Every structure is written in structure tokens, then in C-alpha cells.
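Here's a set of exercises to work through with the model open beside you. Try each task first, then check the steps below it.

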Amino acid sequence: MPFDPDSPEFRRRRFRPIPVRMLVPNMITLLAICAGLTAIRLSTEGRMELAVAAIVFAAILDGIDGRVARMIKGQSKFGAELDSLADFVNFGVAPGLILYFWQLHELNNGGWIAAMVFAISGGLRLARFNASIDDPNKPAFAANYFTGVPAPAGAITVLLPIYLAFLGVPMPPATLTAFYTLLVAFLMVSRLPVFSGKTVKMRVPPEMVLPVFVAVVFFVALLIGYPWHILSAGSVLYLISLPWGWKSYRDQERKLAAQTQGASAPAPTAAPAYAPPAASNDQDNRPARLN
């Protein structure tokens with residue numbers, strides 16, 4: 001049969017036009033992938049400051065694309081899959097290679113194993129996250145917690161030795177850096193509940209709009225002017241806050257268990273308000289005329 005582009009069957013197989021609002025979040029995600037790949041190239045060239053800056057830029061874009069998609073109603077299954085692949089490259093492969101080219105290469109195969117374990121942990125963390133999104137057995141309060149340290153936070157946190165080196169702190173031994181890398185990798189694949197804050201209502205009163213704008217501008221100015229101080233302090237505070245997230249999750253879990261146990265307990269049977277007196281044997285022995 002000759003190919004006829006005007007046939008009804010061919011027209012039915014055509015893809016429908018895609019709205020522009022569906023493309024904008026994916027373009028942001030692709031820009032984040034470009035930043036992650038550029039970070040790998042910069043690390044191979046020894047330009048570590050720019051490589052770390054590219055990872056931070058990719059993390060900022062990762063936090064923007066999902067919110068932009070929800071804001072303009074541009075969510076799609078394709079975008080979700082692309083975002084997962086971008087996170088694996090930007091927050092799994094790229095930080096591991098940066099650490100390897102920075103110091104872990106001194107341990108030869110041991111340093112490469114540490115970098116590879118971190119990258120694989122990032123991929124496993126993302127796969128588990130995608131598989132547990134539609135878990136019907138998850139309690140309602142669990143939507144406010146991550147299972148394990150999320151990939152972007154793990155990537156920013158694992159680069160803490162490099163931040164400190166940029167501040168003039170003596171470079172730690174390569175063995176200590178490898179141990180720290182494996183520790184963050186373990187936190188990513190662990191079952192540790194980590195507070196996410198996704199369900200927190202972000203509504204600002206009208207009188208606080210201008211102060212919030214000033215605070216955001218001030219934070220951005222600090223991050224640009226003192227990037228390594230802010231990143232170092234933020235990484236340390238994040239690690240310190242992990243036990244608080246675990247405690248909060250356990251409190252919510254105990255509260256839910258107590259409510260469930262109280263609802264399943266059998267209700268006590270109420271005693272009758274009035275019980276008629278039982279007939280005595282004397283009435284049965286009375287004469288028939290009195291009965």
C-alpha cells in the first residue's frame with residue numbers, strides 16, 4: 001500500500017499539539033542537566049569553585065521546576081521522568097565525580113568506590129521515591145516527610161569538605177572525606193524520616209509581603225557575597241536537624257497509633273436504667289384469689 005499522509009488513519013496517529021505551559025518546566029529541567037554536566041567538565045579541569053557553583057545552581061533550578069509546573073498547571077508524566085533523570089546526573093553522578101577529582105583520587109580504587117557508591121545511592125534514592133509516590137498504605141502525615149535525605153540536599157551536604165577548604169580550613173585526610181561521603185550516601189538510602197515542608201501552607205499576610213521580599217533579597221545577597229560561609233553553615237545545620245525530623249515523625253506515628261487503638265476498642269455496655277424486681281416465691285404460694 002502506498003503511504004498516504006492524508007489518510008484518516010495517519011491523521012489519527014498524529015500527536016496532538018503540546019501547550020507551551022507543558023514545555024516551560026521541562027526547559028528548566030534541561031537547563032539544570034546542562035549545569036550538572038558543566039560541573040563535571042569544570043571538575044575535570046580543576047576549576048572546583050565553578051563546578052560547585054554549577055551544582056548549587058542546578059539545585060536551585062530543581063527547586064523551581066516543580067513549583068513552576070504546579071503554578072502554571074504544566075505537570076506531565078514525561079516531566080516527572082525527566083526530572084528524576086536530571087536529579088541522578090546532577091545530584092548523584094556530578095557530586096561524586098567532583099569529590100573524586102578534588103581529593104578522593106588519592107585513595108585510588110578506594111576513592112573511586114566511595115564516589116561510585118554515592119552516585120548509586122542517589123539513583124536508588126530516586127527510584128524508591130518514584131516507586132512510593134502512590135503507596136496506599138502511607139499515612140496522611142507521612143506526606144510531610146521524605147524517606148531518607150533527598151538527592152539535592154545530599155548533593156549540597158556531601159560537598160561540605162570542599163566548602164571548608166575554600167574557607168581556608170586545612171584539607172582533611174582523604175580517608176575522612178571518603179568516610180563522610182559514604183555516610184551521606186547511607187543517609188540517602190536509609191529509612192530515616194526527613195522533614196520536607198511540602199505540605200506547609202506558604203501564605204504570607206499582606207503586611208508581611210515587603211519584609212519577606214527584603215529577607216529573600218538579603219539571603220540571595222549573602223549567598224552571592226559569602227557563598228562558602230552560607231553553604232557550610234547550611235550543611236551543618238541540616239545535618240544537626242535530622243534527629244528533629246526523626247523525632248517529629250515518631251511523635252506523629254505514636255499519636256496515630258493511639259487514635260487507632262482508641263477507635264478500635266469495644267464500647268462499654270451500658271447498664272439498664274431500671275430493672276424490674278424479680279418475683280418472689282411468696283407470691284407464688286399465695287391463694288389463687290390474691291394472685
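**Exercise 1. Where in the fold does Ala-165 sit, and is Ala-165 buried, partly exposed or exposed?**

Step 1. Ala-165 is found in helix H7; helices here are DSSP runs of H or I with at least four residues, strands are runs of E with at least two, and both are numbered from the N terminus.
Step 2. Since its relative accessibility is 23%, Ala-165 counts as partly exposed. The cut-offs are under 20% relative accessible area for buried, over 50% for exposed and partly exposed in between, using a 1.4 Å probe and protein chains only.
Step 3. Now look across to Trp-228: 63 residues separate Ala-165 and Trp-228 along the chain, while their C-alpha atoms are separated by 9.2 Å.

Before going on, some ground rules. This is a predicted model, so local features need pLDDT of at least 70 and side-chain atom pairs count only at pLDDT 80 or more, while totals for chains, interfaces and linings use all residues. Residues are numbered from 1 along each chain as its sequence is written, and side-chain values use heavy atoms, with hydrogens and water left out.

**Exercise 2. How many helices and strands does the chain have, and in what order do they run?**

Step 1. Count 11 helices and two strands.
Step 2. Reading from the N terminus, you get α-α-α-α-α-β-α-α-α-β-α-α-α.
Step 3. Of the 291 residues in the chain, 34% are buried. H6 is mostly covered, with eight of its eight residues buried; among them are Pro-152, Gly-154 and Ile-156.

**Exercise 3. What span should helix H2 have, and what distance separates its end C-alpha atoms?**

Step 1. The expected span is 1.5 Å times one less than the number of residues.
Step 2. H2 covers residues 20-44, so its 25 residues should span 36 Å; the end C-alpha atoms are 37 Å apart, which agrees.
Step 3. Just past H2, Gly-46 has a positive phi of about 85°.

**Exercise 4. How many aromatic pairs does a search of the whole structure find?**

Step 1. Rings of Phe, Tyr and Trp (its six-membered ring) pair if their centres lie within 6.5 Å; planes under 30 degrees apart are stacked, over 60 edge-to-face and the rest tilted.
Step 2. The search finds six pairs. One of them is Tyr-100 with Phe-101, edge-to-face at 5.6 Å centre to centre and 70° between the planes.
Step 3. Tyr-100 is buried because its relative accessibility is 18%, and Phe-101, at 34%, is partly exposed.
Step 4. Tyr-145 and Phe-195 also pair edge-to-face, at 5.8 Å and 75°. This pair links distant parts of the chain, 50 residues apart: Tyr-145 is in strand S1 (residues 145-147) and Phe-195 in strand S2 (residues 193-195).
Step 5. Ring pairs also join Tyr-100, Phe-101 and Trp-112 into a cluster.

**Exercise 5. Which residues touch the most other members of the largest nonpolar core?**

Step 1. Such a core is a set of buried Ala, Val, Leu, Ile, Met, Phe, Trp, Tyr and Cys residues joined through side-chain atoms within 4.5 Å.
Step 2. Among its 46 residues, the answer is Ile-98, Leu-159 and Tyr-163.
Step 3. Elements giving two or more residues to this core include H2, helix H3 (48-71) and helix H7 (160-166). H3 gives the largest share, eight residues.
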